[in-house]
Amino acid sequence: MGFDGRFTLGLVFRVALLVLALMMVVWAFRTPSFVMVRLVAVGIAGVAALALWYHVERTNLALARFLEALRIGDFAAHFPEKGGAGFRALGTALNETIRRLREQRGQTDAELRYYEALIDDMPVALLTVDAGRVEPGNKAARRLFSRHAGVRPDDYATYGATFAQRLAEPRGDEEMLILNLDGRAKRTLVRHAALNRLGRQTSAVVVQPMQGTLDAVEMAAQTDIVRVLTHEILNSLTPVMSLAQTTAALLGEVEGGDPRIADAREATRALARRTEGLRHFIDSYRAVAREPRVVRQRFAARAFADEHERLFRAEWPAVTLHAACADTTIDGDRALLSQLLLNLLRNAAQAATAHAADPEIRLAIERTADGIAITVEDNGPGVPDKLRQEVFLPFFTTRAEGTGVGLNLARQIAVAHGGTLDVADSPLGGALFRLLL
């Protein structure tokens, strides 16, 4: 890489001019009485020196400005290749270099935006812990952790004291914690990863609620168990029922006054009736083994509430029902949700009627920050804390005439919609069942 021709000619011309000016100065000082000539010669020499300095320095200044622009990351800088700045080959090489850097930077920025969008839109919540500051790293985290203010680990204690402690002292492993999310306690998988950020130690915490998945697995396991049990029991019961009916028919044809024959006849008839009743009983439970198939549609919540209010009043005229419904829409299977709501209303009516002199029920449908909430509460005896998980098990019931199917089916419908069904204490004194979609 050398000087370009224009720069070289300019340099030779200015050097020659400076040499001539210096020779003139020397001649003027050697010649007596040429005071004005001396001044003019010195001036010309100075101008020539300045011209030479500027010719060389402006290329240095252009190069310095160009390198300073690179230092501060200004990839829009351009090194002049024309106009006497010199080093055309150098300028071409530098401009090509910065063009390539600009392209690489554009590609890097595009990749960075892609990964930022990928992290921001991932369905798993991500928290970052840096120098004692805990901040949400994506949309899922901002939605999940929206009920607190502050960035300290202690500020996250509203979701769980153990969780706040893990944020303050990350372990670098994974564990299952119970967190208070979306208004209910949920089993949540928490993973920790240690990272190095600009020379300092940071942590990334991934929070993945598992309650919905575990509920679905539990429902699937329950339906499988029920399916196997009802199948095996029915297979064993069918021949017994057939033999009992055949024996009862044969004994009915036997004549004679032996009282033992009459007793045997009555016993076989009773056995036939009980086996037939047991078969119907098992058939009713086989509904638990069928997973609900959700056909979603959008429908008005107010019309849905009004319809069930009319049905309830027709079936339970002696029970006071207060209904409140927001002007919103529900996205779900209307038939299945109707079955769920009717089960909740009937259970509430039975509990309130058996417990209170003035049975009272409240139905509410509203849109919350977590979705559509449907609540049914009563002034019955309520559900003890130790039974609040068991009431959703198949065949579990606290009533002598109960079947233990209704609440289990209701929970299956909730899980099939991707929602939750929980029970809590009601301000009325009884139970509050809350469906969140």
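**A walk through the fold**

Analyst: Happy to! The secondary structure of the protein comes to 10 helices and 12 strands; helices (H or I, at least four residues) and strands (E, at least two) are DSSP runs, numbered from the N terminus. This is a predicted model, where local features need pLDDT of at least 70 and side-chain atom pairs count only at pLDDT 80 or more, while totals for chains, interfaces and linings use all residues. Residues are numbered from 1 along each chain as its sequence is written, and side-chain values use heavy atoms, with hydrogens and water left out.

User: What share of the residues counts as buried?

Analyst: Of the 437 residues, 37% count as buried. Buried means under 20% relative accessible area, exposed means over 50%, and partly exposed is in between (1.4 Å probe, protein chains only).

User: Which strands form the open sheet, and in what order?

Analyst: Five strands do, in the order E7-E9-E10-E12-E11, with mixed pairing. Two strands pair if DSSP finds at least two bridges between them. The edge strands are E7 (320-325) and E11, each of which pairs on one side only. On average, neighbouring strands here are turned by 15° against each other, direction ignored. Angles run from 0 to 180 degrees between N-to-C directions, and axes are lines fitted to C-alpha atoms, for helices over the stretch in contact.

User: What holds strands of a sheet together, anyway?

Analyst: Strands of a sheet pair through backbone hydrogen bonds, either parallel or antiparallel.

User: OK, and how many bridges join E9 to E10?

Analyst: Eight bridges join E9 (residues 360-368) to E10, and the two run antiparallel. Ala-364 stands opposite Thr-375 in E10.

User: Then what about E12, which partners does that strand have?

Analyst: E12 pairs with E10 (residues 371-378) in the antiparallel sense over five bridges, and with E11 (residues 420-425), again antiparallel, over six bridges. Within these pairings, Ala-373 has Leu-436 of E12 as its bridge partner, and Val-423 has Phe-433. E12 itself (residues 431-436) is mostly covered, with five of its six residues buried.

User: How many residues sit between E11 and E12?

Analyst: Five, and the two strands form a hairpin. In the turn, Gly-429 has a positive phi of about 110°.

User: Switching to helices: which ones pack on the sheet?

Analyst: H9 (residues 334-355) packs on the sheet, touching E9, E10, E11 and E12, and its direction makes about 25° with that of E10. H10 (residues 406-416) packs on the sheet too, touching E11 and E12, with its direction at about 130° to that of E11. Contact means heavy atoms within 4.5 Å.

User: Is H10 enclosed or open, and why?

Analyst: Nine of the 11 residues of H10 are buried, so H10 is largely enclosed by the rest of the structure. Among those buried residues are Leu-407, Arg-411 and Val-415. Just after H10, Gly-418 takes a positive phi of about 80°.

User: How do H9 and H10 cross?

Analyst: Their axes come within 9 Å and cross at roughly 145°. The crossing is left-handed, meaning that the near helix is turned anticlockwise from the far one by less than a right angle, whereas clockwise would be right-handed. Residues that meet there include Leu-336 and Leu-340 in H9 and Leu-407 and Ile-413 in H10. By class, the contact has nine nonpolar, four polar and no charged residues. Ala, Val, Leu, Ile, Met, Phe, Trp, Tyr, Cys and Pro count as nonpolar, Asp, Glu, Lys and Arg as charged, and the others, Gly among them, as polar.

User: And how do H8 and H9 cross?

Analyst: The axes of H8 (residues 301-315) and H9 come within 11 Å and cross at roughly 40°. That makes H8 oblique to H9: angles under 35 degrees count as roughly parallel, over 145 as roughly antiparallel, 65 to 115 as roughly perpendicular and the rest as oblique. This crossing is right-handed. Phe-304 and Leu-311 of H8 are among the residues making the contact, as are Leu-341 and Arg-346 of H9. By class, this contact has nine nonpolar, two polar and four charged residues.
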